[in-house]
Amino acid sequence: MKNTFKKIFAALAVLTLSVSAFSQGYDAIQTSKKATVNPDGTVTLTLDTWVNGYESNLYVPTTVAVPLDIVLVLDVSGSMDDELSGYVAVPERNYSYDDIRNAELYYKDGSSYYEVEGTSDYNWGGSRSNYRIYYSKGWDNTSYLSGTGTTTTRPTGRDNDDIQWTGVLYKKQKKIDALKDACKVFVNNIQSKATEDDVEHRIALVKFAGTKINTIGNDTYKEKSYTYNNTQIVNNLTNSYSTVRSNIDKLIAAGATSVDYGMEHAKTIIDAAIAAKATDASRKDSKQIVVMFTDGEPNHDSNFDTSVATNAITASNALKSSGVTVYTVGVFDNPGNQIHTYMDYVSSNNTTVNKMPGRNFPIKAPSGKYMTATSAEELTRIFTSISKDVAAEGGAQGAGVDLTGKTVTLKDIVTPEFTIPDIDGDYNIVLKEVKATDVTMKDSIGRKDDGTHAPISIANCYNYTWATTGTTITPDESKGESVSVDKSSNTLKVEGIFARFSEDWVGVTEDWHSDSDTPISTPHLGSKLVIEFTIIPSDDWAGGKIKTNDDNSGVYVDNTGVTNPEKRYITPAPIYMPANITIKKSGMNPGESAIFEVTASGYDGGVTKKYTIAMTANEAGETKDAVILKVDIVKNPNPGINKETGELNDPGFLTYTVRETSWSWAYDSKPTGEGADVATHSITRTVSDDPASLVFVFENKPKTTTPKHGESNANNIFAK
């Protein structure tokens with residue numbers, strides 16, 4: 001086989017396992033994942049999988065689903081009417097000229113988006129004909145939408161209402177609309193889990209913006225001719241999910257950002273739910289969850305108000321002291337450590353700090369129960385992830401899933417920006433068995449006042465210590481074990497290996513004595529399976545911040561699909577990779593050369609690297625080929641792992657400047673597009689969360705079009 005890299009889009013790394021019975025029939029799968037950037041620009045993915053166990057001669061975990069009380073606390077301030085970055089797909093449909101002319105829709109070409117517009121030919125007498133829809137990358141680069149594809153030839157003979165194109169276009173979305181979509185997905189997931197577990201999960205809705213009122217509804221008020229949202233409970237706890245979805249749809253954006261009032265309303269709802277446990281037997285074991293979303297600084301008017309932030313933290317801490325889990329989600333423009341600290345302190349990441357510091361903000365980036373999004377897609381992904389975590393809290397309690405006689409599949413869905421390298425058929429997959437050297441309980445299990453023992457979630461009760469080295473595993477074909485890659489389905493498969501771990505669980509055995517409330521705990525030191533393999537960035541990726549896998553990566557039980565895993569792998573934070581830069585130049589004389597200086601800066605504490613590129617024009621006065629420059633600069637390839645989330649820390653941003661140095665006295669170098677600076681003949685772009693393709697476009701521009709005395713325009717270079 002040739003020594004080549006094969007492109008894999010949405011590749012699946014799949015491991016098929018068989019697990020037999022464990023102590024008491026209660027087993028729990030645990031996972032972790034990390035991504036490490038190597039000096040050569042490749043990325044090593046490490047997936048750990050093991051099985052928890054728990055034994056006690058008195059304690060038997062409960063398998064009854066627990067009802068949940070969930071409060072969504074949503075920001076409906078005026079800034080929520082602003083557009084969110086990124087684009088949202090519009091489901092496939094037919095489009096005519098009439099459909100396009102008054103709509104703001106975009107066509108996705110590669111990784112870039114271009115607005116679709118309508119045009120037609122003007123005829124004598126004022127009539128029009130040959131209606132067309134198109135998008136343009138520049139004055140001389142137009143593509144027409146035709147059929148199910150595009151063409152550079154102008155279509156003719158089309159009326160304004162003729163169907164011209166069928167496909168998926170994209171639109172920009174306001175924050176409030178993106179929030180509505182994400183919250184409705186959240187509600188749908190909670191509803192599905194309630195039906196699956198035959199349990200009553202309830203959801204309340206709180207909006208916050210301006211003046212706080214105690215009536216239930218979706219009210220507004222007037223102030224100086226402006227309309228503002230009241231901060232209030234929109235609906236109390238209910239299992240009428242259609243009601244919650246309808247109320248979400250009715251939200252509008254207007255007002256300040258009184259998050260403290262919103263959290264106070266959440267506390268009112270939760271306090272009532274907790275008090276009702278004493279009289280409502282069906283909810284005596286219920287759990288309470290709060291999810292707070294905001295897009296701005298906490299205030300009753302404008303700017304960051306420390307007192308409002310402190311009041312929100314205080315209200316949230318009162319909830320957390322009652323056992324409530326609090327998630328915070330933010331959509332911010334260039335948030336600083338002050339915002340990160342405030343959001344982190346409101347979330348369940350913090351249980352000790354009761355006020356917002358006036359300075360020296362310690363939190364550098366979101367983690368754990370505090371998450372941020374920069375696009376509608378990310379926001380929906382976060383609310384989906386939270387809904388699944390929340391639903392898991394209400395699922396069967398105890399040692400986790402019972403895997404007796406079941407098939408377990410591990411999947412790692414690699415993002416399209418990466419490929420799995422195939423070198424002569426060798427994908428360099430490494431399997432290891434790593435032993436546990438110690439296991440301890442995070443919290444002791446004591447008896448309740450009624451003499452029973454408090455149930456414990458195996459998924460969260462242990463601290464693990466693992467050996468620093470492992471034993472390499474070689475598949476035994478005689479036992480049905482194999483490692484293979486199916487190129488047609490882009491699947492990495494390891495079969496049968498995990499059967500060796502079926503009795504090798506990791507956990508604690510506890511023996512209770514009648515004269516003591518303290519058990520004797522004995523560690524059960526089993527092993528975990530470690531899978532390592534390498535991926536590389538795709539050639540057409542522009543570089544910057546890239547995710548290595550999507551949120552459906554995880555462990556699937558008796559399920560061969562690609563969604564809703566029983567146990568997810570933590571998605572590592574986006575990693576930073578070198579950039580591929582494309583430079584194009586037009587308007588030159590045939591054979592003429594253009595020279596560019598490329599500067600890459602911002603990584604490694606401000607280190608700057610420079611490159612020089614020369615190109616020669618063809619007969620059409622354009623560069624023959626796009627010049628691809630792989631910038632070999634990466635900031636802190638291994639910035640460290642956040643111990644609480646298992647995610648990579650954020651290493652920062654990178655800025656590129658391309659400047660033409662070859663322009664002459666007769667011509668100017670005209671840079672075009674985002675970041676263009678005509679005065680310095682340069683274009684500057686910053687690679688951040690979701691960079692567009694880094695294409696830098698220049699064109700020759702004559703300094704004058706006035707012909708010399710006695711020369712015609714045809715012979716005058718100034719007129720070309």
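Visitor: What order do the six strands of the open sheet take?

Guide: The order is S17-S14-S5-S18-S19-S20, with mixed pairing. Strands are DSSP runs of E, at least two residues; helices are runs of H or I, at least four; both are numbered from the N terminus. Two strands pair if DSSP finds at least two bridges between them. This is a predicted model: local features need pLDDT of at least 70, side-chain atom pairs count only at pLDDT 80 or more, and totals for chains, interfaces and linings use all residues. Residues are numbered from 1 along each chain as its sequence is written, and side-chain values use heavy atoms, leaving out hydrogens and water.

Visitor: Which are the edge strands?

Guide: Strand S17 (232–238) and strand S20 (370–372). Each pairs on one side only.

Visitor: How many bridges join S5 to S18?

Guide: Seven, between residues 68–75 and residues 287–294. The two strands run parallel. Val73 stands opposite Met292 in S18.

Visitor: Which strands does helix H3 touch?

Guide: H3 (residues 241–249) packs on the sheet and touches S14 (202–208) and S17. Contact means heavy atoms within 4.5 Å. The direction of H3 makes about 15 degrees with that of S14. Axes are lines fitted to C-alpha atoms, for helices over the stretch in contact, and angles run from 0 to 180 degrees between N-to-C directions.

Visitor: New topic. How many salt bridges are there in the whole structure?

Guide: A search finds 19. A salt bridge is a side-chain nitrogen of Lys or Arg within 4 Å of a carboxyl oxygen of Asp or Glu.

Visitor: Why can side chains pair like that?

Guide: Side chains of opposite charge can pair when their charged atoms come close.

Visitor: Which side chain does Lys528 meet?

Guide: Asp48, at 2.8 Å, N to O. Lys528 lies in strand S30 (residues 527–537) and Asp48 in strand S4 (residues 43–56), so the pair ties together parts that are 480 residues apart in sequence.

Visitor: Are those two buried or exposed?

Guide: Both Lys528 and Asp48 are buried. Buried means under 20% relative accessible area, exposed over 50%, partly exposed in between (1.4 Å probe, protein chains only).

Visitor: And what does Arg283 meet?

Guide: The side chain of Glu200, at 3.1 Å, N to O. They sit 83 residues apart. Arg283 is buried, at 5%. Glu200 is partly exposed, at 37%.

Visitor: Which residues are linked with them in a network of salt bridges?

Guide: Asp69 and Arg202 join Glu200 and Arg283 there.
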